[in-house]
Amino acid sequence: MILITLPVQALAETPIIRVATDNWIGYTNLDGSGYYFDILKRVFPQGDWQVDIEIVPFSRVRYLLHQQKVDMALGFYPDDKVNSIYSDIPVEIDTVDIAVTPELAAMWQGVDSLAQKKVQALLEYRFDELIPVPMYYEESVNLLDLLNRVNQGKIDAVLDYKPDILSKVAELDQPRQFVIIDNVFRLEVYFVFSNTDKGSQLKIHFDKELKKLIDSGELDRLFRDYVGEDATRLSLK
């Protein structure tokens, strides 16, 4: 677990917000930068709020939120069954990528190509609930282990995010063999809040301030800063 406190001017009555998130490159970087963290800094500015962030595996994020041990969590797809309250507006449209064997890459025709294939992902990502074909789907706790398996042909595919996949290539047991296919599917991404009175109040504040960021164009600018100048935050293409 990694703890980050976004900068505040210490005040006796500064409200504290407990946030949980996984570590996603460009979104929730370990140094406190990233698209999601920059949203928090603007919605809950220093001096008015103290934002304490736990960076933990997504399975732990879901547990902390469900048990009401945090007030807020980042990066949730629609209809997650965890006990929470969703923001009214998504912060982006997220793309999920895939690492596949060369054999599967040669015959790839979209997610239907995963039918009856051995597909793995990180714990609690639940991608099998989002892909409408029967797969031999499993989850594990270590992305590098998953990538070693697909690299050695022991499984057919690993669903994750391209920047995170690429960050592990140098650590593979053998030279990279797998092929990365971009944009396997896309889904709206939300920030969520604990199903408590405090969570409800934070949601109201978040929705209001996020709308201001959208209307001013600031949210799209932040997204481009981290994802790329040509990136479109809500593109479904």
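This is a predicted model: local features need pLDDT of at least 70, side-chain atom pairs count only at pLDDT 80 or more; totals for chains, interfaces and linings use all residues.
I took a salt bridge to be a side-chain nitrogen of Lys or Arg within 4 Å of a carboxyl oxygen of Asp or Glu. Residues are numbered from 1 along each chain as its sequence is written, and side-chain values use heavy atoms, with hydrogens and water left out.

Entry 1, salt bridges. I searched the whole structure and found 15 salt bridges. I looked up Arg62, which pairs with Glu124 at 3.1 Å between the closest N and O atoms. Arg62 sits in helix H2 and Glu124 in the loop between strand S7 (118-122) and strand S8 (136-140), so this pair ties together parts 62 residues apart in sequence. Helices (H or I, at least four residues) and strands (E, at least two) are DSSP runs, numbered from the N terminus.

I called a residue buried under 20% relative accessible area, exposed over 50%, and partly exposed in between (1.4 Å probe, protein chains only). Arg62 is buried at 7%, whereas Glu124 is partly exposed at 22%. Glu124 also forms a salt bridge with Arg126, at 2.9 Å from N to O. I noted Arg126 as partly exposed, at 24%.

Entry 3, helix H1. I found Lys41 and Asp38 in a salt bridge, with the closest N and O atoms 3.7 Å apart. The two are three residues apart in helix H1 (residues 35-43), which means a separation of about one helical turn. Lys41 is partly exposed at 31%, and Asp38 is buried at 10%.
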